Amino acid sequence: MQAVLYRKESTCMNKRWYYTLAFFIAFFASQAQKSAISFVNKTYSGDTLFLLKEKDFITGQLDTIYSSKVNKNGEWKAVLQLSEPIFVRLPLYRNEVWLCVEPNKSYQIKIPNKQLLSIEDSLNTFFQPLIFYASILNMDSSACNEAISRLDYSIDTLYQKHIRNIHFKIKRKTVDSLVNVLKNQYEYASSNYFKSYLFYKIAMLKFLSYEREQNFIIKYYFNDQPVLLNNIAYNELFNQTFSDFLSYYAATHWGEGIKDAIDKYKSPTELRRVFKKNPAFTNDTLIDLVILKGLHDVPYSNDMPNKIKFSAQAVKTVLDSMILFAKTKELKQIAINIKNKLKNEEINVAFEDYPFKTADGEEIYLRNYKGKYVYVMIADFRSYEFLTFLKQEKASLERFSEKLKIVNIVLYPQKEKLKEMIKDQKLSGQFLFCENETAFKHQLKIRALPLFMIWGPNGKIINNNASSPDERIIPYLMQIIKD
């Protein structure tokens with residue numbers, strides 16, 4: 001009898017558990033709503049376009065959240081499942097469209113005709129596309145995006161107008177008057193996302209002009225406010241306020257103990273304890289976010305003078321702990337993103353270990369030229385100056401031919417044209433190629449092209465940023481190449 005009663009009770013419990021689970025599934029499913037972005041532009045017909053979103057605002061890395069092909073009529077559409085507003089980016093070659101997408105909204109946008117990158121743009125490692133907010137045709141569904149676009153224009157105009165006086169010289173009452181104008185101008189915008197966006201844009205304006213007491217900023221703009229991981233205006237002020245924060249905060253009265261917490265104890269718990277000594281920090285989630293920002297920044301500035309430095313291995317250990325013990329799953333994911341980014345940034349292949357190919361496909365390394373001085377040019381075949389540099393090599397460097405080897409590493413070559421060019425111009429030097437130009441530039445951290453280098457007979461780099469092979473380099477080479 002008891003066994004039967006137990007089975008009935010278990011059955012009832014299982015049913016209750018099932019209904020509870022079904023309720024939560026239905027609840028969370030209802031939170032994510034469909035949003036759509038579409039356009040019509042035949043200049044993109046047949047192109048596959050990608051919709052991007054930042055993984056997080058600390059690493060700044062991008063994720064592809066949607067991709068599809070533009071049909072022959074120029075029609076393209078993306079459908080997203082959203083539970084909160086997000087900013088998305090649509091790269092369009094020389095341009096990039098930004099859009100604030102809200103749940104359960106439909107956006108018919110207008111985009112510029114396709115403009116491919118020029119040769120100069122493709123050669124420029126620091127090229128940035130022209131960024132602008134999407135023009136939305138069905139205006140009724142785009143109040144938040146339009147308000148953001150207009151606000152950013154207003155703020156940019158204010159900065160341009162007061163650029164000389166915004167830091168320190170501008171009067172507080174002038175700033176407050178401008179702030180009141182902005183608040184009144186955007187009273188119509190009911191979106192909570194935009195209200196927060198406006199709050200932090202105004203906070204940034206005040207921060208740049210007269211509100212410079214750091215603990216005031218921390219307490220009233222961050223500690224006492226919700227943590228908004230997806231609001232760009234929040235992100236901007238956060239990154240401005242907490243840039244390389246651990247390194248500099250550790251040198252202050254409130255930050256005493258930060259270095260030991262990282263280098264000695266390697267403990268997020270100890271770090272949190274140090275932060276809570278400061279009355280401006282009482283929000284556990286904010287503290288973890290600040291710690292993650294600091295751990296991200298340390299490796300990029302650890303060699304800067306006049307600051308507290310940390311053990312690289314200790315920073316990695318603390319970051320691993322944050323992956324496990326950060327306050328929220330979102331912060332744990334940011335910690336994972338930071339770790340992956342730092343790991344990728346560490347990929348560094350020495351030039352002498354990189355395998356190049358000759359025109360015949362033979363594998364060769366720069367260390368193979370050991371015994372002579374080597375002048376290395378790394379250049380893009382598509383550059384207008386490519387042939388000019390080769391001619392300069394011949395004119396300026398051939399006089400050193402007995403002791404100096406010329407090596408040209410050619411990226412994105414058209415090998416038949418290059419072969420004709422070498423024959424017609426009677427060019428000097430060895431020509432080498434790599435299999436994957438993008439990977440090559442990333443692994444060897446090449447920021448700009450062309451790049452010129454000089455190697456010694458011992459196979460070591462003498463100068464990793466030599467001048468171009470014109471007449472100005474002759475006295476330098478005469479000085480280092482001795483009998």
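I will go from the overall picture to a sheet, then to the cavities, and finally to a helix and a loop residue.

This is a predicted model, in which local features need a pLDDT of at least 70 and side-chain atom pairs count only at pLDDT 80 or more, while totals for chains, interfaces and linings use all residues. Residues are numbered from 1 along each chain as its sequence is written, and side-chain values use heavy atoms, with hydrogens and water left out.

Let me start with confidence, where pLDDT is the predictor's confidence in each residue, from 0 to 100. The mean pLDDT of the protein is 88, and 89% of its residues reach 70 or more. Over residues 1-13, however, the pLDDT is below 50, and this stretch has zero contacts in the model beyond near neighbours in sequence, where contact means heavy atoms within 4.5 Å.

As for the overall make-up, the protein has 17 helices and 16 strands; both are DSSP runs numbered from the N terminus, helices being H or I with at least four residues and strands being E with at least two. Of the 483 residues, 44% are buried, and here buried means under 20% relative accessible area, exposed means over 50%, and partly exposed lies in between, with a 1.4 Å probe and protein chains only. Among the contacts with a separation of 6 or more, 68% are between residues 24 or more positions apart.

Now to the sheet. Four strands form an open sheet in the order β4-β1-β7-β9, with mixed pairing, and two strands are said to pair if DSSP finds at least two bridges between them. Because β4 and β9 (135-136) stand at the edges, each with a single partner strand, one side of each is left without a neighbour in the sheet. Strand β1 (residues 33-40) pairs with β4 in the antiparallel sense over eight bridges, and Ser38 has Lys77 as its bridge partner in β4. With strand β7 (residues 106-110), by contrast, β1 runs parallel, joined by three bridges, and there Ala36 stands opposite Ser106.

Next come the cavities. A search of the whole structure finds two of 30 Å³ or more. On a 1 Å grid over the protein atoms alone, a cavity is a set of points where a 1.4 Å probe fits but cannot get out, and lining residues have an atom within 4 Å of a point. Grid points are joined across faces, edges and corners, and a volume is the space filled by probe spheres set on the points.

The largest cavity holds about 50 Å³ of space, and its lining includes Trp76, Val88, Arg89, Leu90 and Leu99. The elements giving two or more residues to this lining are β5 (86-92) and β6 (95-101), with β5 providing the largest share, three residues. Strands β5 and β6 pair in the antiparallel sense over seven bridges, with Val88 opposite Leu99, and six of the seven residues of β5 are buried. Two residues lie between the strands in this hairpin, where Tyr93 takes a positive phi near 65 degrees.

The second largest cavity has a volume of about 40 Å³, and among the residues lining this second cavity are Leu366, Tyr369, Trp455 and Gly459.

Lastly, consider helix α10 (residues 268-275), which is largely enclosed by the rest of the structure, because six of its eight residues are buried. These buried residues pack against α8 (245-249), α9 (258-264), α11 (284-301) and α12 (312-325).

Leu228, in the loop between α6 (214-223) and α7 (232-241), is partly exposed, with a relative accessible area of 21%. Leaving aside neighbours within four places in sequence, Leu228 is in contact with Ser196, Tyr200, Tyr234 and Asn235.

Technical notes: 1 Å grid on protein atoms, 1.4 Å probe; cavity = no way out; pocket = protein on both sides within 12 Å on 5 of 7 lines; lining within 4 Å.
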